[in-house]
Amino acid sequence: ASSVASAAIVEHSFYVQNLTVRRLCSEQVVTAVNGSMPGPTLRVREGDTLIVHVFNKSPYNLSIHWHGVFQLLSAWADGPSMVTQCPIPPGGKYTYKFELLQQEGTLWWHAHVSFLRATVYGALIIRPRSGHPYPFPKPHREVPILLGEWWNANVVDVENQAEAIGAPPNISDAYTINGLPGDLYKCSQNRMYKLKVQKGKTYLLRIINAALNNQLFFKIANHNMTVVAVDAGYTVPYVTDVVVTGPGQTVDVLLAADQEVGSYFMAANAYASAGPAPPAFPTPPPFDNTTTRGIVVYEGAPTSATPIMPLLPAFTDNPTAHKFFTSITGLAGGPHWVPVPRQIDEHMFVTVGLGISICPTCLNGTRPSASMNNFSFERPSSLSMLQAFFFNVSGIYTPDFPDTPPVKFDYTNVINAVNPSLLITPKSTSVKVLKYNATVEMVLQNTALLGVENHPIHLHGFNFHVLAQGFGNYDPVNDPKKFNLINPLSRNTINVPVGGWGVIRFTANNPGVWFFHCHLDAHLPFGLATAFVVENGPTPESTLPPPPVDLPQC
Ligand code: C2O
């Protein structure tokens with residue numbers, strides 16, 4: 001065989017079907033892929049083409065998103081329902097086909113319609129092309145660790161009930177590691193993920209936060225971990241005893257089995273951010289305060305030994321989260337590294353926060369809402385935005401998403417009593433149109449109008465550089481001095497700090513419609529989203545091809 005291996009075509013079929021599973025003492029009908037939850041782990045190499053035939057045998061409308069994949073000239077395969085495609089109806093089928101280019105590491109796939117991603121999700125692992133090594137010592141084995149959430153209910157019902165009464169959805173009943181709640185939950189003693197290791201070997205854990213509504217802390221007793229990548233971008237190795245992830249994010253760590261032969265718990269609990277300000281909302285939103293755990297067992301460990309438990313951070317430990325999010329740097333000059341753009345074409349300042357909308361039929365006459373720059377996003381219903389873009393159909397979205405908030409105010413203050421218009425946000429399908437190759441710098445600012453919270457904001461189709469982040473109001477004079485323009489992290493999801501801000505930059509080098517939203521699923525129906533419409537460039541290589549013939553129609 002030639003030493004320059006050619007890219008492969010990797011083909012899978014997803015049969016999405018309802019099945020009955022048993023968790024926490026009861027049986028539940030869930031929608032899952034190929035009979036398992038999490039679903040299949042997809043393994044490709046950079047440069048490969050992935051083809052996934054999705055057969056929707058479930059009773060729900062469905063679409064699958066390949067979270068973090070750049071989808072170069074393949075926006076039709078991105079997947080968010082009503083953004084890049086109409087959903088696949090029950091009984092329908094759609095083939096997602098795309099190349100994995102210019103990124104390596106851990107990504108994942110999930111349903112992108114309603115709350116279905118609670119059970120329809122799995123890992124997507126992109127290894128280097130053959131002959132290309134990792135920028136770290138080759139691990140003995142690679143292990144996906146998917147952190148998830150479980151409801152003792154049908155998740156589509158959970159969302160619909162909340163919608164009907166105008167309340168936030170019920171919190172989940174358990175967190176899970178690779179689909180299993182672990183022994184701290186009732187009836188789950190045997191429902192614990194087990195990782196077997198050999199002393200002296202090193203393991204690459206590909207940690208994915210697939211939870212719907214919580215950031216999570218993750219630890220392994222007595223063991224440090226070395227972070228080597230986040231969101232499929234390599235990092236400078238960073239040694240830590242705790243990993244912090246927001247929904248949507250991935251963290252690759254090397255775990256050296258270098259402790260005494262024995263058994264050690266791995267565990268995850270919520271990072272339920274709240275405060276420090278405002279005083280009126282000192283408590284985090286409701287969350288499951290139980291811990292999910294699995295176990296790391298060394299070969300030869302006595303079966304009788306009691307495993308050691310890690311000491312987890314407190315739920316509101318903002319300093320630990322902030323340290324993790326700001327201490328890791330990108331591997332500048334490493335594989336697929338992209339330098340930070342220095343010329344900025346578009347400067348944006350975008351508020352992210354919670355509010356209310358008027359709802360005469362709801363309990364208090366209002367329902368929760370959320371907005372970016374006071375615009376609350378509503379998905380279109382008759383045609384996907386990408387079809388509207390490609391076929392030039394007007395009236396599906398409007399290019400009026402503002403570059404700055406309509407009113408400037410002290411974002412750390414609860415001022416709903418003073419200015420209710422800031423709290424009540426209109427629904428619209430507003431987008432920001434970008435020229436091909438435009439560079440964007442965006443300040444994301446959390447507002448305190450209705451309580452502060454850490455929001456994991458996810459951009460489809462691109463990674464961005466995270467230049468800086470902090471608490472309080474963004475200071476346009478002094479905070480730019482803190483920007484890391486040399487080796488910042490490259491991510492697809494930024495945790496905008498609770499009551500704080502983050503600054504990102506990216507180059508819009510891929511035509512299409514790219515969703516930009518909070519990855520807390522509770523906030524998506526509230527409207528915490530917008531989209532970028534990136535225009536075609538001047539050449540065929542910068543023009544979105546026509547849709548596949550089997551693209552679902554509304
Ligand atoms: Cu992982 Cu728009 O999502």
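## Domains 1 and 2

The centres of domain 1 and domain 2, taken over C-alpha atoms, are separated by 22 Å. These belong to a chain divided into domain 1 (1-130), domain 2 (134-325) and domain 3 (346-542), with bounds that come from an automatic or database domain assignment. The model is a predicted one, in which local features need pLDDT of at least 70 and side-chain atom pairs count only at pLDDT 80 or more, while totals for chains, interfaces and linings use all residues. Residues are numbered from 1 along each chain as its sequence is written.

## The contact

Domain 1 brings 30 residues to the contact and domain 2 brings 35 residues, two residues being in contact if their C-beta atoms, placed from the backbone, lie within 7 Å. On the side of domain 1 that touches domain 2, at least two residues each come from strand 2 (26-33), strand 7 (105-111) and strand 8 (121-127), and strand 7 gives the most, with 5 residues. Strands (E, at least two residues) and helices (H or I, at least four) are DSSP runs, numbered from the N terminus.

## Helix 1

In helix 1 (residues 155-165), the buried residues are Val 155, Val 158 and Glu 159; buried requires 20 or more other C-beta atoms within 10 Å of a residue's own, exposed 12 or fewer, and partly exposed lies in between, with C-beta atoms placed from the backbone. Seen down the helix axis, these buried residues fall within an arc of 90°, so they line one face of helix 1; the arc is that of the directions from the helix axis to the C-beta atoms.

Ala 164 and Ile 165, on the other side of helix 1, are exposed. Gly 166 follows helix 1, and its phi is positive, near 70°.
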